[in-house]
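Colleague: Could you walk me through how to read a multi-chain model, one feature at a time?

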Amino acid sequence: MSFLPFAIAAWLFLIGLYGIVSSRNLIRAILSLTVVQSATYVVLLGVGYVHGGRAPIFADIPAGTPAVDPVVQVLVLTDIVIGATVTAMLLALAVQAHKRFGSLDPQDLRALRD
Amino acid sequence: MTRRTRLVMFGIAAAGLGVVLIYGLAGLPAFGDYHGVYGHVIDRIGVTERHATDLVTALNFDFRAFDTLGEEFILFGSVLGVVLILREVRDDHERPRQQEAEEHSFAGASAALRAMALGLIPTLIALGVYIVVHGQITPGGGFQGGLILAAGPLAVFLAGRYVRMKRVAPHAMGEIGDAAGAMGYALVGLGGLVFAGVFFKNFLPLGIPGHLLSAGQIDVASVAVGLEVSGAFLVAWSEFLDQAILVRRNGAR
Amino acid sequence: MHITALAIVVPMIAAALLVVGRHSSPRLLNDLAAAGVGLSVVTISAILLVRAIHDPIVYWMGGWRPNHMVAVGISLSIDPIGAGMAAFAAVLVTAALVYSWRYFDGADGLFHALMLVFLAAMVGFCLTGDLFNLIVFFELMGAVAYALTAYRTEERGPIQGAINFAITNSVAAYATFIGAALLYARTGALNLAQIGAALDGHTADALVVVAMVLLFVGFLTKAAAVPLHFWSADAHAVAPTPICVLLSAVMAELGLYAVARVYWTVFAGGLSPHVDELRAILIALGTVTALWGGIMCYAQRHLKRLLAFSTISHVGVIACGVGLLTARGLAGAATYVVGQGFTKGALFMLVGVLLHRFGTVDEFDLHGRGREMRVAGVLLGVGGLALTAMPGVTLFFGKSLIDGAALDDRYAWLPAVFVISSILTGGAVLRVTGRVFMGWGASQRQDDVRLRHVAEEKDEQRVERDFTPPLMLIVPAVLLAGAIVIGLIPGALPAIETAAAHFADHAAYARWVLTGGAPHFTAVRHTHVETVDYLYGSAGTLGAIAIAALTLFGSTLHQRVPAALIGPPRAALTALRGLHSGHIGDYVAWWTLGTAMLGGASLILLT
């Protein structure tokens, strides 16, 4: 039971990768990338959890109360911002891809082959 | 590679990677049993040293402010990237002209929707400002509040009045807000260098924990970030909305 | 050292200012401002370098010094190699900015702003002492690079290249997040020195090994090591030339820098019982990369893809240098990075000259057209020779150090691999010089199948010109001069060896970062270039000239070789090339396979 969050994280990572590999539509691939990213959230937040800990906001609880780890929350916040912005750029690229290639299927993006 | 080959190869690879990941994750302390020293130290000194009660924001804008600087500029650079990618190029058709955009009515725009949006907008903006400014006391801060702030003008769009949205929050204003916020955050850091001798050292008065004007630079940094985030997302959204109108216009022909 | 953080912050603020004024400021102002900022970062990094040689610098952001050896803030932990890499990056960014004065017609403030943010990210990456900060700057470099790769949105190639680049590198970045999370969970620290100190004394178990694999895989994807490299040729083929310069000459090398930094500060203690196995894994990776890159390089006719694969091959060599896990190998890798970076930057710029002038980068389309461009031809030839690690150039000294390190550790076959890489990559450039600038060799490839459209690369203005701005030749000439001269500066090589030895001093790092006390480095042993190194270097150069000549003039020889002998290698080559399909699903599948293999090998051999 105590391993479940981390197992879920591993599953999310792999299923997201599967999504990218098997997608026939760029948008689906980009969203699968988001799933891969959510694996990182789960791992980070799972690591920081403390049984019986309160949120690390000491506005109305006395300083010294056991609290969950605040550092991982900051890391996840940074992670979310990074993910959102890269997704935005990828979606912009997808819009342009549709304009230039007429299709969103990776199979049809054939401008770069060796 | 054919699709079949690719999926088979991936299946094998993913199975291997899964085993690797599980082996690695198995070494983690049990869920709920974490006793890391970094978190403990912050919990102990955050309130006393910085007079901030929201330690996540304190970490974000003080202890690990340099990380946030990098993150700020990721947001800044990525939105510039979106502008770059979606910019007009010679061969493209022009941006939707004022009039054509005015003629567009997005599906579902109705009087009821407009009324609701009217109520939403001041609420969103007030909530956004509240969360940005109270970051060091209660959960929230620049990022969270900035996004809510950006949603205000977006509600104008939802009400079906895209052009009004562009008048309320023109593209250039969003860009300038974005850049000014990013620069503002960096300047807070410089302020630390100039006034307190070390980059990002808190140089503003610390005040009383729990009061609005406390924790020194954290509040100012929060406002800068809020400005940046709202500007950045407005720019990104209006870029995409321009594209949507283009598509509709071309599709309607 | 008060100016320390300015190296990172000044370009950031300048970028923001450029965006604010971008609709009204003239092109000249943007150009001058950006180049000026670039020069200021070079200056600051140089000052940091000089200071760091004396005594490494630790700068705690926010004034948060460690609380009883627990790092509370983020540190910039600056040693000579870090500062040197930062200066190196700054020089190349400035060169690319100056080059683009004449190369781009119509770049607006967005380009300059993004380049300055790119510069800030690279400098931050080199100077930081915090694991998560390293990952943040890694992502910043990536995000800006994706946008800049897609610069020419009116073409189809850049869109696809940027998508492949962005998706593969983002997956890699997420892997590093998980690696960092694992280390944080085990040690409760994010500062590199502190994590290292916490891991010392315990033998590495599966968690530590998997964390290392995930971190390395992330950095190695950026470095374009095989099989994580597929995005690289695509991105290089379509990015504007100034961006290609930075991707190839700096960003790839920074990936390897991160591998070295993270290994020596974090894992060197805990993994010391298994050093030999890790060495074997990294050298295997480097060797495959060097050979694969070299073969693919020689087979290209698209000049930018050719140079991209040559970078991959050189990355393999540098990975071997780092992977030897000794101070001498590291010194060789550092020298090689500088030599390779300047040379490759110059080569890309010269290809840009051809593109600017003739509107194409196809080797056969350009056949003989460069005959009047004497200067460019000479420069390209010199660059090709430098790439072969001709004795005397910086690359040569780097390679000889790596060779020496390899022989120290009984990897006697490794120098031969490097020679093959030199022959293939240098030979390819020499072949191009001959074909384009002298008109030698065939003007049409015999059994071409479908390669015409790959060279779709069109100039921004899609026109041919009849002039080349002198600036576009001066900048690469300066870079090539640097590539040749730097290794010959008296005292440079021993200084690099000392710096590398200090870099590899795991215990000393923890001391000077966490306590701020004197490092007390262990003594450094200096080496000399041996005769055998000259032999290897000459073999590489002569072999490259031979293979280029053979390709250009040996068509009759080609017909005499029986088909049965040619068939299997050709089929293998076609299969290898077919793997580079441009399909994102393929690339991510390969990435997964590479990560799984690296992870599996590490778990088996290192626990």
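**Reading the chains and their contacts**

Modeller: Let's begin with an interface: 44 residues of chain B are in contact with 39 residues of chain A, where contact means that the C-beta atoms of two residues, placed from the backbone, lie within 7 Å. This is a predicted model, in which local features need pLDDT of at least 70, side-chain atom pairs count only at pLDDT 80 or more, and totals for chains, interfaces and linings use all residues. Residues are numbered from 1 along each chain as its sequence is written, while chains are lettered from A and ligands numbered from 1 in the order in which they are written.

Colleague: Which helices of chain B supply at least two residues each of the side that touches chain A?

Modeller: Helices (H or I, at least four residues) and strands (E, at least two) are DSSP runs, numbered from the N terminus. On the side of chain B that touches chain A, helix H1 (3-26), helix H2 (37-50), helix H3 (55-63), helix H4 (65-85) and helix H10 (217-252) of chain B each give at least two residues.

Colleague: And how does that side divide by class?

Modeller: Ala, Val, Leu, Ile, Met, Phe, Trp, Tyr, Cys and Pro count as nonpolar, Asp, Glu, Lys and Arg as charged, and the others, Gly among them, as polar. The side of chain B that touches chain A has 27 nonpolar, 11 polar and six charged residues.

Colleague: How many residues does the contact take from chain C and from chain B?

Modeller: That contact takes 61 residues from chain C and 58 residues from chain B. The side of chain C that touches chain B has 42 nonpolar, 15 polar and four charged residues.

Colleague: What does the radius of gyration say about chain C?

Modeller: The radius is taken over C-alpha atoms, and the globule rule is 2.2 Å times the number of residues to the power 0.38. For 607 residues, a compact globule would have a radius of gyration near 25 Å, and chain C has 23 Å, which agrees. Chain C has 23 helices and two strands.

Colleague: What share of chain C is buried?

Modeller: A residue is buried if 20 or more other C-beta atoms lie within 10 Å of its own, exposed if 12 or fewer, and partly exposed in between. Buried residues make up 68% of the 607 residues in chain C.

Colleague: Into which domains is chain C divided?

Modeller: Domain bounds come from an automatic or database domain assignment. Here they give domain 1 (1-128) and domain 2 (129-442 + 465-518 + 525-606) of chain C. In chain C, 36 residues of domain 1 are in contact with 45 residues of domain 2. H3(C) gives the largest share of the domain 1 side, 15 residues.

Colleague: How do I check the length of helix H16 of chain C?

Modeller: The expected span is 1.5 Å times one less than the number of residues. The 24 residues of helix H16 (residues 414-437) of chain C should span 34 Å, and its end C-alpha atoms are 34 Å apart, which agrees. In H16(C), 22 of the 24 residues are buried. Just after H16(C), Gly439(C) takes a positive phi of about 75°.
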